[in-house]
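The following paragraphs lead the reader through one protein structure, part by part. Please keep the sequence and the three-dimensional view at hand while reading.

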Amino acid sequence: MRALSQTVLDERTLPPSLRLPDYPRSALAPGVVHLGLGAFHRAHQAAVFDALLQGGDTRWGVLGVAMRSTELADALARQDGLYTLQVANAEGRRWQVVGSVLDTCVAAREPERVTAAIAAPATRWVTLTVTEKAYGPALAAQLVAGLSARHAAGLGGLTIASCDNLSGNGGKLRQLCLDAAAAQDTVLAQWIESSCAFPNSMVDRIVPAATAQHRADAARMTGLEDACALGTEAFWEWVIERHFVDPADGAALAAMGVQVVEDVRPFEEAKLRMLNGSHTAIALMGAVMGLPTVADCVANADIRWFVHHLMTDIVMPQLQRPGLPAYRDALLARFANPDLHHKVHQIATDSSLKIPLRWLPTLHTRLAAGADVEPLAFAAAVWMRYLLAEDDQGQPYAISDPAGERLQAIAKQHRGDAPGTVAALLQQPAIWGETLPADPRWTSRVGFWLERIQTLGAVMALVQFKAGRSPYA
């Protein structure tokens, strides 16, 4: 079986139903440097850039930069940056070969190449899909090195767009870069501040980790070997603030379905609290119950009820995004998509970093108003049970979290002691802040549900939780 490559595309031997990049890839110079090459970028921004290129706008080719891992970057390079994307929903599947990734590199292996790419005359944008924990000095240093070289060459500024789950991502990245630049050159910092744009954005598309099944499905569809094939859902959103170095970019993106808005916060907050917050709760429940995927979890009537209740009665009253009930229903339909095979342990990764962003804003608002927080107390108790690193059937699993080893040690030290566990695990200010451990309304309810989960198991504790919430059933 032949491998996917530009040569194969040029021969046009592929099935006519397969959408192919119909633009002169070899003649293009990257206009976008993307930091954080991975499945999400390839199924989201790269697909948007591919559509722009298909429409004749040749400025959106991508240099995909993996931050540390070499495997994907090198595999894509062997395929001339090409990969097969499967898009699945209730109506069926469609396939396309995405061609917007023109080249790849690895920042840890070749940082000077990333610097040169950011400083290249053809570069107009830098996009990022990095985790919350990556917003730090190393990321700022990489960006500032490229911007410094660009400034020294007398070139214009860039639009630098964070495309991840961090609230206020553009503003946070801007401040990181300004602080790093000011430490070495105040003139450079002033140039970045005046010449570069850091729009906040919200992105959404469920993209499971690529698997052997994706590769096998792509091979059956195309007749080609594709080491980089992946799958995603039909739904996608990209909401970005109208703040670009080139104002015309807003219209170009909007023509492809990107929502260009004055304020991204209502969309960002709804996504973080409804989709991401629910995802974390689902993942933790699934891990403890021994359910492998999100679709398996939502197929459980009690988990589906819990998520609907959490979104409708606890989260939505604090939000301003238009059309919240329809957004909630779309999320539940997406969670139930069995084609995605979105593994709960993948979503549960880095929970100690995600909980403060996804749960705490709703929790603090409702506690201040004296409002109901019971579903969040149940979810927090499930998180504490999750830290024992074994499900209710006694099957062990790995916890992937920067604080995982320490938190797991605390959970195991207090195993079987619900009050002791709650007291110790809530005394983690980086996760829960300073005030929650002293709030008896919160600590008592988390302790109650942790004791129920320890005694009954997560499945029956959830049944009991639902029974006690009959007005919502």
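This is a predicted model: local features need pLDDT of at least 70, side-chain atom pairs count only at pLDDT 80 or more; totals for chains, interfaces and linings use all residues.

Helix α13 itself spans residues 301–315, and its 15 residues extend 20 Å from the first C-alpha to the last, close to the 21 Å expected. At the start of α13, the backbone nitrogen of Asp302 has a side-chain oxygen of Asn300 within 2.9 Å.

The next topic is the nonpolar interior. In soluble globular proteins, nonpolar side chains tend to be buried together. Here the largest nonpolar core comprises 76 residues, and Trp383, Trp432 and Trp442 have the most contacts inside it. Helix α11 supplies the largest share of this core, with 11 residues. Leaving aside residues up to four places away in sequence, Trp442 touches Leu363, Leu367, Val373, Leu376, Ala377, Ala380, Leu426, Trp432 and Leu436. Another core, of 30 residues, lies apart from the largest one; Cys105, Ala107, Ala117 and Leu178 are among its members.

The last topic is a sheet. Three strands form an open sheet in the order β8-β10-β11, with mixed pairing. Strands β8 (201–204) and β11 (259–261) are its edges, each pairing on one side only. From one strand to the next, the twist averages 15 degrees. Strands β8 and β10 (residues 237–241) run antiparallel and are joined by 4 bridges. Met202 stands opposite Val239 of β10.

Notes: Residues are numbered from 1 along each chain as its sequence is written. Side-chain values use heavy atoms; hydrogens and water are left out. Helices (H or I, at least four residues) and strands (E, at least two) are DSSP runs, numbered from the N terminus. The expected span of a helix is 1.5 Å times one less than its number of residues. A polar contact is a pair of N or O atoms within 3.5 Å; within protein, one must be able to donate a hydrogen and the other to accept it, and residues adjacent in sequence count only if both atoms are side-chain atoms. A nonpolar core is a set of buried Ala, Val, Leu, Ile, Met, Phe, Trp, Tyr and Cys residues joined through side-chain atoms within 4.5 Å. Buried means under 20% relative accessible area, exposed over 50%, partly exposed in between (1.4 Å probe, protein chains only). Contact means heavy atoms within 4.5 Å. Two strands pair if DSSP finds at least two bridges between them. Axes are lines fitted to C-alpha atoms, for helices over the stretch in contact, and angles run from 0 to 180 degrees between N-to-C directions.
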